[in-house]
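Hello,

Please find the structure below, handed over for your use. My notes on it follow.

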Amino acid sequence: QVQQNVERLFTRFVEEGKATVRLREPAVDLCLSKANVTNLKTFLSAVRLAHQGNDTGVLPLSPLVPAKNSDVEKPKTKMIITSRRDYPLTKSFPFSLEHLQTSYCKLARIDTRVLCLKKLRKLDLSHNHIKQLPATLGDLVCLQELDLHDNHLEAFSGALCSSGLQKSLQLLDLSQNQIRALPLEFCRLRALVRVKLDDNALLRLPCRIGQLSRLRFLSAARNKLPFLPSDFRKLCLENLDLFGNPFEQPNPLVPNVQLKIPLTLLECAARATVNHRIPYGCHLLPSHLCEDLAVAKTCRCGSACLSSFIQITVTMNLHHVAHTVVLVDNMGGTEAPILCYFCSLDCYSQFLDRHLQSN
């Protein structure tokens, strides 16, 4: 279908026998090359007239000659660029690309032309100087692998975690950047299978990381993690690497007490909402309260607590969550401190009794 379906004609190199016809539906580029210049000009003239709705009987078309297989150029699906001098500055990227690598190109930002490649499944932007990610990166709804290692990133935005990447992104490499924390929304990327966070400045992992039920490979070596979030227990990994983090020595006898006695009305209502699984949303409650409820702590007894709790760190053998564990330190250890919460003094006392008896 040509009528009212031609978005643009690219005829800059028509004298060399080259031209491109960009269609609206389907959104493809028809690239013509090695054509006879006279025949090409006639064809482009016919396309313009057909687009304008002229009768096919008056179009200046010559009889079609079947093209040889060797003359048909297949849509390009893969492009690898590994130097600044090879980076295209005047030409567009083919819209058919599914795999694009632009490494060692000294890019300070993501090229807006890349954000138009809706068929991309794998995007490798490693070894550049990128400091910020545009929210429109989330519009690449087919993207399965995103490699951003060795850049200058300081954050991975919550907007990206709430975009179409939630359903598609399976591999994410953010290693060798300057990220100090990941947003709470990070755990919405439920399709993630492999995550690399090595050599950043991470002070914590997302508190709801256990929601990443498909995650099988996690690497966060050489960061600044003092402990792991309590939700870490819910992971089921094949490979885990946390080497080189300054983990604190757990001490269950030195609790961080944040109890408010008696409990506030807000705390009672929040606990009841979570414990009884009462539906809630921003149309019913203030948005800040919804955010607090979404990250409510869970006591050892199974009850929820919001801002009134006792917090300690305990030791967890990482083999409980991963089949293969890279040693945590040079001493051959596979144990790390993990946060633990209690909703009341009674729950903490029961835990303390068991802990002292076992020791």
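**Salt bridges**

The count of salt bridges comes to 8. Please keep in mind that this is a predicted model. One of the bridges joins the side chains of Lys41 and Glu15, with N to O at 2.7 Å. Lys41 belongs to helix 1 (residues 37-51), while Glu15 sits in the loop between strand 1 (6-10) and strand 2, so this pair ties together parts that are 26 residues apart in sequence. Lys41 is partly exposed, at 39% relative accessibility, and Glu15 is exposed, at 54%.

Glu16 and Lys18 also meet through their side chains in a salt bridge, here with 4.0 Å from N to O. The relative accessibility of Lys18 is 41%, which counts as partly exposed.

Another salt bridge links Arg222 and Asp199, whose closest N and O atoms are 2.8 Å apart. Arg222 is placed in the loop between strand 10 and strand 11 (237-241), and Asp199 in the loop between strand 9 and strand 10, so the pair ties together parts 23 residues apart in sequence. Arg222 has a relative accessible area of 39% and is partly exposed. Asp199 is partly exposed as well, with 29%.

**Backbone geometry**

Asp199 comes up again here: its phi is positive, about 55 degrees, although the residue is not a glycine. The loop that holds Asp199 runs between strand 9 (194-196) and strand 10 (217-219).

Lys106 is another residue other than glycine with a positive phi, near 60 degrees. Lys106 lies in the loop between strand 5 (99-102) and strand 6 (122-124). With a relative accessible area of 58%, Lys106 is exposed.

There are also cis peptide bonds to report. The bond from Glu25 to Pro26 is cis, with omega near 0 degrees. Pro26 is in the loop between strand 2 (19-23) and strand 3 (29-32). Ile261 and Pro262 are likewise joined by a cis peptide bond, with omega about -5 degrees. The place of Pro262 is the loop between strand 12 and helix 4 (265-275).

In what order do the 3 strands of the open sheet stand? The order is 12-15-17, and the pairing is antiparallel. Strand 12 and strand 17 are at the edges with a single partner strand each, so one side of each has no neighbour in the sheet. In general, strands of a sheet pair through backbone hydrogen bonds, in a parallel or an antiparallel way.

Strand 12 (residues 256-257) and strand 15 run antiparallel and are joined by 2 bridges. Here Val257 stands opposite Ile310 of strand 15. Between strand 15 and strand 17 (residues 335-342), also antiparallel, there are 8 bridges. Among the pairs on that side, Ile312 has Cys340 of strand 17 as its bridge partner, and Thr315 stands opposite Pro337 in strand 17.

Is strand 15 enclosed by the rest of the structure or left open, and why? Of its 8 residues, 6 are buried, so strand 15 is largely enclosed by the rest of the structure.

**Ser308**

Ser308 is in the loop between strand 14 (304-305) and strand 15 (310-317). Its relative accessibility is 0%, and Ser308 therefore counts as buried, the cut-off for that class being under 20%.

**A nonpolar surface patch**

Finally, Leu253, Val254 and Leu356 form a nonpolar patch on the surface. Together they have about 290 Å² of accessible area.

Regards

Notes
Residues are numbered from 1 along each chain as its sequence is written. This is a predicted model: local features need pLDDT of at least 70, side-chain atom pairs count only at pLDDT 80 or more; totals for chains, interfaces and linings use all residues. Side-chain values use heavy atoms; hydrogens and water are left out. Patches are made of residues with over 30% relative accessible area and no salt bridge: like charges are joined within 9 Å, nonpolar side chains (Val, Leu, Ile, Met, Phe, Trp, Tyr) within 5 Å. Accessible areas come from the Shrake-Rupley method with a 1.4 Å probe; for residues, only the protein chains shown count as cover. Helices (H or I, at least four residues) and strands (E, at least two) are DSSP runs, numbered from the N terminus. Buried means under 20% relative accessible area, exposed over 50%, partly exposed in between (1.4 Å probe, protein chains only). Two strands pair if DSSP finds at least two bridges between them.
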